[in-house]
Amino acid sequence: MLTESEPHYRQPLLKTPFHERARALSQLDSFIPWSGYTTVDVFTSVEQEYFAVRNASSLYDLTPMVKYRIAGADALRFLNRLTTRDLGKLRPGRVAYTVWCNDEGHLIDDGTVFCLGPNEYRLCTAERQLDWLRASAIGFDVEIREVTEEIAALAVQGPTSCKLLKTAGVQGVERLKPFEHGAFAMPHSSGPPVSLLVSRTGFTGDLGYELWMSPADAEPVWDALMEVGRTRAVRPIGSRALNIARIEAGFLLPRLDFVSAAHTLYLGTERSPLELGLAWLVDFGKGHFTGRRALLAEAARGPRHQLVGLDVAGQKPAHNALLYTARSGRKEVGSVTSAAWSPTCKRNIALAMVDAACSTIGSTLWADIYLNRELVWERRMVAARVVERPFYAPARRRATPPADF
Amino acid sequence: MSAAGPRYDTIIVGGGHNGLVCAAYLARGGRSVLVLEAASQVGGAAVTREFAPGFKVSACAHLLHLMPPVLMRELDLETLGLKLAAADLPSTALGTDGAHLALGVDAPSALAAHSPADAAAYADWQALLSRLAAALHPVLSATPPRLGTEAWRDQAALLSLGWRLRRLGRSDLRELLRIGGMCVHDLLEDRFRLPLLKGALALDAVLGTNYGPRSPGTVLTLLYRAAAAPGAARLAQPLGGLGALSEALARSAVSAGAEVRTDAVVERILVREDRAAGVRLASGEEIASQTVVSSADPKTTFLRLLGCEHLDAGFVRRVSQLRSRGLTAKLHLALSQLPEFPGLTPAALRGRLLVAPSPDYIERAYNHAKYNEVSSAPMLEVTIPTLADPSLAPGGRHVMSVIVQYAPYVLAGAGGWPGQRQPFADLVIDTLARYAPGLGDCVISSELLAPPDIEREFRISGGHWHHAELALDQFFMVRPVPGATQYRSPLPGLFLCGAGCHPGGGVMGLAGRNAAQALIREAA
């Protein structure tokens, strides 16, 4: 939030409503910018934070997620023309993950659509989209308003997240099924209960929830969860730990795994949802949507690239590695977009964009990895097998009600 | 839709001259064609209608000079009853105190009396212009190529364009490249001295556009006008007004087997399985066809008749940002008698009279338009069609038809056009009265069509003659917008043939002809 005492040019990054709490717990003072806000990269250690996601509960401040309120008589028609999925099936109380493309069928962004009521929706996106949303609204009776600053958001993710919320007094949260949302109340010590919108969504591939609230309620909610979580190994986490979890879950991150067609400068660096393994989100049968004709043509001739999961030999993450068909490294077929050692799978995993011809599950590629050993660089050509994604998908992420701990 | 499939191969939305030309060619090509015209008579903006009891006028376009003779021959217009009341009409730049300047076929000799230097420069310029026009004319009468495609037709068209330009020779090509992007004001300053001559030439460059003489792109529009009618500009007036041309075009289409329905307002272009499948009329009637060709302007076609939900968002944005607001008004005067223009010969009076005393006069007139005001001293193109065609008015009476610039689509100030229509009409009459002192007393009745009126009457979004501004970024290969070039549209089965397409409007008919040829090729 901008304050009067400090002009905006002295604080070019906004602070989220959780900022003071996060700063107090940040041992490394490691902050990074995200959509115009400053957010925590690492609180204490990436590993500790990661294991909070997989073994207990984590709190992650996702207020910078860009949010739009989309309402009006044509809101559904607008969203169906904007995005590739058939949102006509999305009932109030449900959330859908979807993507949208430009006219050429190239991906602009992905995000979630919350159906809040008949013809009232919230669109959560990684990047700002107002220009494209406005262009898409020409000819539609729809009102689009960015509400990012009006809504604080906190992800509560991990196997004990449901229990944590219940213990904090969020009654009935265990009945939420994946991709459902609902209105809940959370009691707290210093006033009347806080009203929350809770959705069973997340970016970790684990059991988890996202809490959406008024910025004024952000600190009481944080305090209440940290209080009941004191004996439950709850940790606030930063973006680095989340990144490992999302790679394990096989989720894509804009700017890393694809560049939005709204930002690409070089021809040929755009990617389509078919290339990104998101064909399941593209509903050709629902009627026209932006990019449909281009995507049909692409589907007919076959995508040029394909996003794949890789199981890389050794333990060193194949960050940015170029990929080859053979150890000789003569024929280059793509590169790694995201890589991590997966502590849970005990595998060296990566997401990579490769030529479509090399994307068959089970085929072997070779990754060119550079290692810095005390400033002595080593180059290793290691085998990387194309494997199914996600790398990690525990059954608990779908179980309703979730297990009690 | 019956089991036997639609009754028509092609439905053409709009019976303006381009729609009719397209229909005539398609019908000759063996298609079953239905033309649907919203008005009670065909013609669109090339129409003759009554504006005061007993007085008729060509309501929008009022002269015929851009339609290529080859088109008129191919469509047998003469056989089908098109007669010219007058041809090779002269133009006269009106000067103060009867010092007028005759332009046209014998312009150099007339000019020599005023300025021998300008007479020579004018002859040079006309010669250059006709060489450039001859080289550029084929560009207008063919489908523009697309860049970066593998299609042989595109590559051949680009090669042929390059070859034609190269054949101009070093000196003409250099001059074309030098002046092509200039404003007409600078070009005229380079070549001529007489303000009256420069004003008249500048008028031709900016007529029907959103430009003043100092606007970039105005040499392009001048070249465009010359290229559309290579050789000397053959200004002609059809007997019975421009409506007679449209009726001849309709007869040409019908004689080739097309059907033409008037009072048929198309409300919606129907889409089935992502293909144009016909149209729905305002009456609710649905008519199926394999293809739909729209001669309506791009905004009307895509945003209103088809609907944004059938189009990609980026394309819709481009269409909605198309510059298509008219700056040109039309004034019709019913005259009790022929007003006297001191200093004008009877022959000159039958032609085109230009009120554009200098490029600066036009630029000043244009200044107002930038701020959504009407010109306080407007630029005028005047004809008195009843001199050659007395049938347009009761015996002994006359009609004056005036093209007026500049008259913005949106007017600043309270009331907008309803409050300013009559004062502006009076202003135009006063402006003309400087050259014809008794004009005011001759006026029985007047009608002013401002751009919003043109939009309403002729169903042209924005009321622009050319449907879309003639500007480099809306020209040739990118006209009207990328994604809808080559007479195609993003929706399979939907095509364009109106003035919004290459090469533009101005009762030329080439958009309709090119579109028909592209469609016939597509099917082949």
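Two strands count as paired if DSSP finds at least two bridges between them. Helices (H or I, at least four residues) and strands (E, at least two) are DSSP runs, numbered from the N terminus. This is a predicted model, where local features need pLDDT of at least 70, side-chain atom pairs count only at pLDDT 80 or more, and totals for chains, interfaces and linings use all residues. Residues are numbered from 1 along each chain as its sequence is written, and chains are lettered from A and ligands numbered from 1 in the order in which they are written.

Select residues 332-342 and 347-355 of chain A: these are strands E17 and E18, an antiparallel pair with 8 bridges. Ala339(A) sits opposite Ala350(A) of E18(A).

Now widen the selection in chain A to the barrel that 6 antiparallel strands close, in the order E15-E18-E17-E16-E19-E20.

Next, pick up residues 239-249 of chain A. That's helix H7, lying across E17 and E18.

On to the chain A–chain B contact, where 14 residues of chain A meet 14 of chain B (contact: C-beta atoms, placed from the backbone, within 7 Å). H4(A) gives the largest share, 3 residues.

Last stop: chain B, with 18 helices and 18 strands. Its C-alpha atoms fill a box of roughly 75 × 60 × 50 Å along the principal axes.

Notes: Two residues are in contact if their C-beta atoms, placed from the backbone, lie within 7 Å. Axes are lines fitted to C-alpha atoms, for helices over the stretch in contact, and angles run from 0 to 180 degrees between N-to-C directions.
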